[in-house]
Amino acid sequence: RCGPCWRRYKPMNSLLYAMAFCAGAAISVQAAINGRLALNIGGNTVMAALISFCIGTVVLTIAAVSRGGVGNSLAALPGQPPWVFAGGVLGAGFLFTTAFLAPRIGLTSMLVLIIAGQFLMSITVD
């Protein structure tokens with residue numbers, strides 16, 4: 001407990017690590033749910049992704065409005081470089097891909113490959 005690593009430790013880190021773990025677990029659950037939704041609506045993975053995004057949009061709208069500052073954030077949008085909006089495209093692609101792949105290659109195979117891709121890209125980005 002007396003090394004340099006211990007001095008940098010903050011109790012809040014445990015909560016943040018738990019949040020990250022739960023986010024990872026949620027990806028598995030989300031992929032399974034979206035895959036099932038796609039199967040239940042006739043195998044239409046694009047529609048399943050759209051439904052999921054619509055529900056997510058409602059939830060995020062409520063969260064953004066309750067937090068405040070929506071007008072200032074929207075006013076800052078026109079000055080942004082176009083590439084910063086790629087996150088929405090990547091998110092849609094990810095959601096579609098998980099809904100499409102989970103029932104076809106299995107959740108474990110899909111997640112192992114997703115995690116490998118995330119790991120390699122994280123190394124590149126960092």
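Buried denotes a relative accessible area under 20%, exposed over 50%, and partly exposed in between, with a 1.4 Å probe and protein chains only. What you see is a predicted model, in which local features need pLDDT of at least 70, side-chain atom pairs count only at pLDDT 80 or more, and totals for chains, interfaces and linings use all residues. Residues are numbered from 1 along each chain as its sequence is written, and side-chain values use heavy atoms, with hydrogens and water left out.

I begin with the overall fold. The protein contains 6 helices and 0 strands, where helices (H or I, at least four residues) and strands (E, at least two) are DSSP runs numbered from the N terminus. The C-alpha trace spans about 60 × 40 × 30 Å along its principal axes. Of the 126 residues, 12% count as buried. Contacts (heavy atoms within 4.5 Å) with a separation of 6 or more come to 60% from residues 24 or more positions apart.

I turn now to the aromatic rings. Rings of Phe, Tyr and Trp (its six-membered ring) pair if their centres lie within 6.5 Å; planes under 30 degrees apart count as stacked, over 60 as edge-to-face and the rest as tilted. The count is 1 aromatic pair. Phe96 and Phe100 form this stacked pair, at 5.7 Å centre to centre and 20° between the planes. Both lie in helix 5 (residues 86-105), 4 residues apart, so about one helical turn separates them. Phe96 is partly exposed, at 29% relative accessibility, and Phe100 is partly exposed at 32%.
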